Amino acid sequence: MSKLNSRITRRRFVAGAGAVGLGVFAAPRIVRAQGGKITVLNWQGYGTDEKWALEAFKKATDIEVVHDYFNSEPEMITKLRTNPGAYDVVLTNSAWNSVASGEGLVQAIDTTQISHFGDLNPSLRDSALLTKDGKVYGVSWVWGMTAIAYNTEKFNPAPDSVEVLWDPKNAKRVSVRDDAIEGVSYGAIATGQDMNHPKDLDKVKAKLLGLKPQIATLWSSEDEWNKLFQSGTFDVSVYWSGSAARSKNNFKLPVGYMVPKEGGIGWFDGLAVAANAPNLSGAHEFINYMVDPTFYVEWATKVGAPASANTKANDALPAEDVGRQIHSDQAAIKRLQFMAPLSDDERQTYSDLWTEVKAEFAK
Amino acid sequence: MAVADRRNRGAILALTGPAYLWLTATIFLPLSAMLYCSFLDKSPLVPQPASLTLKHYAAFIDKPVYQQLMLWSLELGAVVTICCLAIGYPAALALAKVIKGRWREAMFLMVVLPFWSNALVRTFSWAMVLRPGGIADQAIHVVAPGAPVLNILYSYPAVVIGLVHSYLPYMILTCYISLQAIDDSVIEAARSLGARSGALFRRVVFPMSLPGVLAGSALIFVPAVGSFMEPRILGGAKGATLGMAVEEQFTVTANWPFGAALSFMMLAAVLLICLALYPAARKRMEGL
Amino acid sequence: MRNRIGPALLTAHLWLVLVFLYVPIVVMAVLGFNASPLYALPFQFDLVWYKALAGNAKLIDAGINSIGIAIVNTAIATALGTMAALAFARYKFRGQTVMQLLLFPPVAIPWLVIGTSMLVFFYWVDIKRGLFAILLGHVALSLPYVIVVVGSRLATFPRAVEEAAATLGATPWQTFRRVTAPLLAPGVIGGALFAFAVSFDQFVISYFLAPPGVTTLPVEIYGAIRKGFTPEINAISTIIIVVSMGALLLTARFYRFGGER
């Protein structure tokens, strides 16, 4: 008898749970936007989704900003291809903007709607990587470097050569990012070659294999870097400049930053408008806000950011701001090689090379 | 067991239809498209027309690194499965046959609960435990102050620990379900006929629970071979797997055909292994 | 001569296994109360992350989405999977082996490939990203687990009991309801547990098929790896474990997981 009872009660329970599930699942979540809305596609936590910024933007323009994220550039392209008309603003790295514009995934920007356009650094603003046939397909937004970050408590005096990564004194104290392009680039820089199209890949590979006794581990996100650095897993690594500023500012980590005398990687990002963007004027307004010095200064000082493409915005930073100091070192900037678009074959070759290097590391 | 005749065909269709229709629409058709894609020389979404080629499969054969990664992944899957079996089966046996009553329910729930925690969070917690200066290290030094620093993070054992921990509940659950179905009266009967514990286990209990063992092994081996997050987080530079290479093709090179080819090679390897072991397993179950 | 040592050793082993299983769970829960955002030790008690979580509508929404989807997924997958497993066990038919082999790809193929193929396929077939698409994917990935688990239970089954019932005059439906179903139940429950776990931890489908603005917990956690994995994640994970424990205990009141004993 009790078995029968328990079975009936159980059935009811299961039905009840199912009803709860369906109710939760089907509950409408409707967002009503009065001033219109825009959808932004970007890395997560990369400036455009700062809560305070979106609130300020909404107050000023009555536009609601919704975000979608990607975790890799090929994914960004895939999302653009498979979601036509879903996005308004897209972040494109300088090496990828031409891919997007070549396929018609982003449209020409009406620069008259960008009031700060004239304040942008000309070498970035007018770069061939963001323009095509005289039209602008990406508004240069931020730029930064990928160079060497080191623990100031362990390195005195500061290192100045990329060979610090290969110095046997630093065995098992080094880290690099798990990224094929970055790996090959630094292998090229360390062997004195063009980082985008190195001629002697065997040399690059041999150099990278030399890192095997050096690396403690590979890192792949800023968050991971912070945790590993803080726990003393490594003392010197390849790292992004804006992130180094953030690690120092926010997390009070003893981070020093330098561009090796052999060279470093430079990169810049541009904000693009997707083809078939549903809210064209909203997209332009948002981009303009992103290159506005008021937004930038708050972003850089409150959170930490790469350098702005807007020279006025950079100048508005306080002199002792870590990011400003890193990004105004003119001598360092001269040593940078900037990332360029790569062909599919090149990318595949570098990826295979890096996979082989990692397989050696794992042996 | 009823043989398929006209009467039963309706029942078979009605029972398997819904599940397999669902699978076809959401997995088999998309994967077939992916399989086709692995024979193209360009990604399907790229506007330029693509042509058929075997070069991605050839790349697997030409480049030893991918074969190496495949072997490592298969090995990792096997090691994890065997560890889960060695650790999980006795635990399931205890739960099914030794513990009784309310305790059994409680412990069963305890075993199942970690199942529902997020895999990434669990893995990061393991990293915290296993790193030098981490929790395990500190615990060891509380007990034995002179011991050397525990340096197990970023090594193969750490990856195995993490994966075994993730998949252990699978094995315990499936073995338990099978063991629990074995009627105690069968065991009593065998004992009364003079069987001693060792023989009892070998000839009665284990063979009867074999379906559970095989189910657990398959559900662990197959995904473990394709794992790449735990190897990355816990193995660091030592955590190179084929799954990692597949990820590269989707996040760096945008070479979907190659990524698809690698995945289908992995599927083929796993299927071959399971098919090879299947007759041996069948034979042991025949006695039922 | 009854063996006393064997059972005692087995019990001790089970306890050790439980300790092992809970090491990262306990660590995760404790670190949710640690002040440092970088998980730095020594431990400093602080409720700051729980407070932050209370204000983090996005994370809470993600958690609720995950649970809702998981519940619906479990119901559908368990029902469909059990039916299929019954067919495999009760009838021998041509193509059976192939159909069983077809259960491998969803589990074997790396998630990136499955996710991408679903993304592209749904795009071609014009199924929009959304909760429906996510559910389609979750159930598909849960089905193999349910079928395998229920199937293994059916294989261990004392078939003689069913046959006895039939010879005693019970109709097939009566046999099913009074004999097969209760004996099958632990297998079905096991399958349901797997289905829930698979869905709740399922990140690939949700990642690829969720529309902008909608996320689930695993997607948030994965995103947090890049953006900043703070102990807020620990806090919500701990809450979920506690709630799950409560739900399981509640269910246990109505049904004995151990089976009729």
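**Questions on a predicted model**

Read along the sequence, chain C of this predicted model runs α-α-α-β-α-α-α-α-α-α-α-α-α.

User: How many helices and strands does chain C have?
Analyst: Chain C has 12 helices and 1 strand. Its C-alpha trace spans about 65 × 60 × 30 Å along the principal axes. Of its 261 residues, 57% count as buried.

User: Why is A:S221 called buried?
Analyst: Buried means under 20% relative accessible area. A:S221 has 2% relative accessibility, so A:S221 counts as buried.

User: Where is A:S221 found, and what is it in contact with?
Analyst: A:S221 is in the loop between strand 9 (215–219) and helix 8 (222–230) of chain A. Leaving aside neighbours within four places in sequence, A:S221 is in contact with C:I225 and C:R226. Contact means heavy atoms within 4.5 Å.

User: Why is B:N255 called buried?
Analyst: The cut-off is under 20% relative accessible area. B:N255 has 15%, so B:N255 is buried. B:N255 lies in the loop between helix 11 (242–251) and helix 12 (256–286) of chain B. Its contacts, neighbours within four places in sequence left aside, are A:Q348, B:H56 and B:Q249.

User: What makes the span of helix 7 of chain B close to the expected one?
Analyst: Helix 7 (residues 156–181) of chain B has 26 residues. The expected span is 1.5 Å times one less than the number of residues.

User: Where does helix 7 of chain B bend?
Analyst: Helix 7 of chain B bends by about 40° at B:Y167. A proline, B:P169, follows within four residues.

User: What makes helix 7 of chain B mostly covered?
Analyst: In helix 7 of chain B, 23 of the 26 residues are buried.

User: How do you know which residues of helix 8 of chain C meet helix 9 of chain C?
Analyst: The test is heavy atoms within 4.5 Å. C:V161, C:E162 and C:A165 in helix 8 of chain C meet C:T175, C:V179 and C:T180 in helix 9 of chain C. By class, this contact has 3 nonpolar, 2 polar and 1 charged residues.

User: What describes two packed helices?
Analyst: The angle between their axes and the distance between the axes. For helix 8 (residues 159–167) and helix 9 (residues 172–200) of chain C, the axes come within 10 Å and cross at roughly 145°. The crossing of these two helices is right-handed.

Technical notes
Residues numbered from 1 in each chain as written. Chains lettered and ligands numbered in written order. Predicted model: local features only at pLDDT ≥ 70, side-chain atom pairs only at ≥ 80, totals over all residues. Heavy atoms only, no water. Buried < 20%, exposed > 50% of the residue type's maximum accessible area, 1.4 Å probe, protein only. Axes fitted to C-alpha atoms, helices over the stretch in contact; angles between N-to-C directions. Left-handed = near helix turned anticlockwise from the far one by under 90°. Nonpolar A, V, L, I, M, F, W, Y, C, P; charged D, E, K, R; others polar. Bend = angle between axes of the 7 residues up to and from the residue.
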